[in-house]
Every structure is written in structure tokens, then in C-alpha cells.
Amino acid sequence: MKKSILYISILTLGLSFSCKSDKKEMPNDADTETTVTETEEKVQTNTTAKERPAYYDETKKVTLSLDPKSNSGVKGNVVFKQEKGIVSMVAVLSGLTEGEHAIHIHEKADCSSNDGKSSGGHWNPTAQQHGKWGDAAGYHKGDIGNFSANAKGQATISKITDEWCIGCGDDSKDILGKAVIVHEGVDDFTSQPSGAAGTRVSCGGIIQ
């Protein structure tokens with residue numbers, strides 16, 4: 001009788017321990033989902049706050065004229081607009097030769113020289129090598145790239161980026177005080193420090 005009672009007690013204890021072990025090994029689905037959801041919300045909130053610049057709610061606009069340089073007939077206008085921390089650029093040009101040309105932002109809003117070289121080199125506030133915009137190996141903040149002019153010598157170029165700002169005071173992003181330069185040649189995205197784009201045929205200072 002005593003042996004039977006002892007056997008039952010051991011069996012009951014074993015089953016109890018087994019159930020407790022199973023409960024520890026099996027996660028609670030509801031708790032897991034809640035944790036994941038809260039984590040995602042925190043990440044999204046922190047990311048939004050981190051990426052939102054101080055000038056996020058400032059809407060600004062700058063319009064400039066591009067004047068012929070190097071005895072070319074290339075002229076046009078450029079509009080930069082800043083909204084919700086994003087800057088858009090639209091440039092309309094005429095007087096070009098048909099085909100591809102390069103366009104960059106240069107370091108100084110000085111277009112006084114006939115060859116446009118008074119505007120200095122490419123705007124490169126982060127001290128990167130020259131390259132195609134977005135290249136992991138590096139690129140200048142002024143490396144806009146190439147565009148095509150039609151048979152009439154006309155072209156429209158547009159760009160949207162959060163790597164620029166208008167008058168925000170951040171030296172690594174602020175395009176005010178710089179110049180837009182159009183080149184006769186094509187940027188090869190390889191030659192240092194300017195892509196061997198050739199003669200500067202049009203220039204306009206980005207000033208308010």
C-alpha cells in the first residue's frame with residue numbers, strides 16, 4: 001500500500017514538473033506580438049525624429065539665371081525649392097549643342113570671369129572624391145551629373161534630394177552662396193577632381 005502511494009506521488013510530481021517545463025519553453029504569442037509592435041513603433045518614431053532636420057517646416061525658394069560663359073550662347077534659369085526637408089531643382093536651358101553635357105554645383109557664387117572659373121571647383125563640403133551621385137565610393141554634394149540637350153539645343157534637368165538645404169546654415173548641405181555650372185563636355189564620373197567635363201559654358205550664382 002505504502003509502495004503504491006509512493007509510486008503515485010512520484011508520478012504526480014513528474015507530470016507536474018513536465019507541464020511547468022513545457023510552459024517555459026512555449027512563448028506566449030500575444031506577448032511576442034505586442035513586443036514586436038511596440039519595438040517597430042519606437043523605431044519608426046525615433047527614425048522620424050532623427051531624420052527630420054531643424055528646417056523641416058521651412059519652405060524656401062531661390063530662382064537664378066544662368067548666363068553664357070566661354071563665348072557660348074548657353075543660358076537659362078534654375079529654380080530651387082525646399083519643402084519638408086527636401087530640395088527640388090528644375091533647370092531649363094537653351095543654346096546648347098545637341099547631346100550630353102554635365103551640370104554641377106560649384107563652391108562660390110561668383111560668375112564674374114568669362115570662363116566661369118571664378119566659381120571655383122565642385123562644391124565638396126564632405127571632402128569626398130568625385131563620382132556619380134550616390135556612389136558608395138564617394139561623390140561631391142555638387143555632383144549633379146549629366147543631361148541631354150535636344151536638336152534645338154534645349155534641355156530640362158530636375159533633381160530631388162534631402163542632401164541639400166536652402167539657407168539652413170549647415171555647411172555640409174547649404175547651397176546658398178554656391179553656383180550652378182553647365183559644362184560643354186560630359187562628366188565621366190571617374191577623372192579627379194571634376195570628371196573631365198570640359199569648358200564651363202554657363203554660370204549662375206545661388207543667392208537670395
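**A walk through the sheet**

Let's begin with the sheet: 8 strands form an open sheet with antiparallel pairing, in the order E5-E4-E7-E8-E1-E2-E3-E6. Two strands count as paired if DSSP finds at least two bridges between them. Strands E5 (145–149) and E6 (155–161) stand at the edges with a single partner strand each, so one side of each has no neighbour in the sheet. On average, neighbouring strands here are turned by 20 degrees against each other, direction ignored; the angles come from axes, lines fitted to C-alpha atoms.

A word on what you are looking at: this is a predicted model, where local features need pLDDT of at least 70 and side-chain atom pairs count only at pLDDT 80 or more, while totals for chains, interfaces and linings use all residues. Residues are numbered from 1 along each chain as its sequence is written, and side-chain values use heavy atoms, leaving out hydrogens and water.

Strand E4 (residues 99–106) is joined to E5 by 5 bridges, and the two run antiparallel. In this pairing, His101 stands opposite Phe147 in E5.

Next, step back to the chain. It has 2 helices and 8 strands (DSSP runs: H or I of at least four residues for helices, E of at least two for strands, numbered from the N terminus). Along the sequence, the pattern is α-α-β-β-β-β-β-β-β-β.

Finally, consider how the chain packs. Of its 208 residues, 33% are buried, meaning under 20% relative accessible area with a 1.4 Å probe, protein chains only. Among contacts (heavy atoms within 4.5 Å) between residues at least 6 apart in sequence, 62% join residues at least 24 apart.

Methods. Buried < 20%, exposed > 50% of the residue type's maximum accessible area, 1.4 Å probe, protein only. Axes fitted to C-alpha atoms, helices over the stretch in contact; angles between N-to-C directions.
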